[in-house]
Amino acid sequence: MQKRQLGKSGLEVSALGLGCMGISFAYGPALEKQAAIALIRDAFDKGVNFFDTAEAYGPFTNETLLGEALAPFRDQVVIATKFGFKNGVPADGLDSRPETIRKVVEQSLQRLKTDRIELLYQHRVDPQVPVEDVAGTVKALVEEGKVLHFGMSEAGVDAIRRAHAVLPVAALQSEYSLWWREPEQAILPVLEELGIGFVPFSPLGKGFLTGAIDANTQFAADDFRNVVPRFTEESRAANAKLVEVLGAIADNQGATRAQIALAWLLAQKPWIVPIPGTTKRHRLEENIAAAKVSLSDTDLAAIATALEHIQIVGDRYPAHLQKNVNR
């Protein structure tokens, strides 16, 4: 697979990474351990060298799984993980105090079976802790060799600028896809200005852009999408038009909807690296093949024109979580 540089950081990764959250957490039952390890190693064998996790995924179990899965080729991969929630539990609230960051990093290193974290994200900006203190703490960890690069997730422009002034931010991880384009307004311009890479999560709209989800889909009881306004039955019915348009473009390309959605992201900027996640091997292969799909200027213009006539319905987070983004 082709490689990409995350901004000016010097951090080179595969053009597509693997978001590992859903293997353990949030989208129904966790994948059985050996099947999960096999999936992660298959991704590596197919050219993926960028793997995304967090202490909050599980909590803790996803990092442990990833550490075991990547151990045989640890020096050939880039691991990204995150700090920022009390006790690693999002429902408990935010915690980016310096002492917490240090504690989380030590525990993450143990779970990941490694001596360094290539990319350490602040999972959400904590309004109780100056972002300068957060960046300063990570800077000390970089100087100690425990962390190589600093990232932020779902941060707003002001926080990005303030953190970057203390320690260069290598990458921002936020949601971005054909059905969530808000980063184009203010975030992408500042990332380009500062030389920061962008790592879109949910690049397939939490599965919706694949076409596998419709108004009649029933999610598992513990699936996060049950509480997401964009995934109510009414919203899914209203948003089906986007999937139809994506299907028409995909048919013309001899590709799948997912591949077009990922290729579209890759075409936006050379420093964008999406991290689609999956628990299914055939979906993994489909996503990886998207890196070879080339969209012409005509294709991109057709997509842009089609999107102008589609109104996406439903918020991407329930209200209690929405307040933690773009701080």
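Good morning, colleagues. Please keep in mind throughout that the structure is a predicted model.

I begin with the protein as a whole. The chain contains twelve helices and nine strands. Its radius of gyration is 19 Å, close to the 20 Å that the globule rule gives for 327 residues, so the protein is as compact as a globular protein of that length. Along the principal axes, the C-alpha atoms fill a box of roughly 50 × 40 × 40 Å. Of the 327 residues, 56% count as buried. The accessible surface comes to about 13400 Å², and carbon and sulfur atoms account for 50% of that surface. As for contacts between residues at least 6 apart in sequence, 75% join residues at least 24 apart.

Seven strands form an open sheet with parallel pairing, and their order is 3-4-5-6-7-8-9. At its edges lie strand 3, residues 18–19, and strand 9, residues 197–201, each of which pairs on one side only.

Why can strand 7 be described as largely enclosed by the rest of the structure? The reason is that six of its seven residues are buried.

Strand 6, residues 117–122, pairs with strand 7 in the parallel sense over five bridges. In this pairing Leu119 stands opposite His149 of strand 7.

Now the pairing with strand 8, residues 169–175. Strands 7 and 8 run parallel and are joined by four bridges. Here Phe150 stands opposite Val169 of strand 8. Strand 7, helix 6 and strand 8 together make a right-handed β-α-β unit, with helix 6 covering residues 157–166.

Asn324 is located in the segment after helix 12, which comprises residues 319–322. Is Asn324 buried or exposed? Its relative accessibility is 10%, and the cut-off for buried is under 20%, so Asn324 counts as buried. Which residues does Asn324 contact, leaving aside neighbours within four places in sequence? They are Leu94, Arg124 and Glu154.

At 27% relative accessibility, Ala240 counts as partly exposed. Ala240 and Asp214 are 26 residues apart in sequence, while their C-alpha atoms are 7.2 Å apart in space.

To summarise the sheet, strand 7 pairs with strand 6 over five bridges and with strand 8 over four. Thank you for your attention.

Note on methods
Residues numbered from 1 in each chain as written. Predicted model: local features only at pLDDT ≥ 70, side-chain atom pairs only at ≥ 80, totals over all residues. Heavy atoms only, no water. Buried < 20%, exposed > 50% of the residue type's maximum accessible area, 1.4 Å probe, protein only. Helix = DSSP H or I, 4+ residues; strand = E, 2+ residues; numbered from the N terminus. Pairing = 2+ DSSP bridges. Right-handed = clockwise from strand over helix to strand, strands pointing away. Rg over C-alpha atoms; globule rule 2.2 N^0.38 Å. Contact = heavy atoms within 4.5 Å. Areas by Shrake-Rupley, 256 points an atom, 1.4 Å probe, with all protein chains shown as cover.
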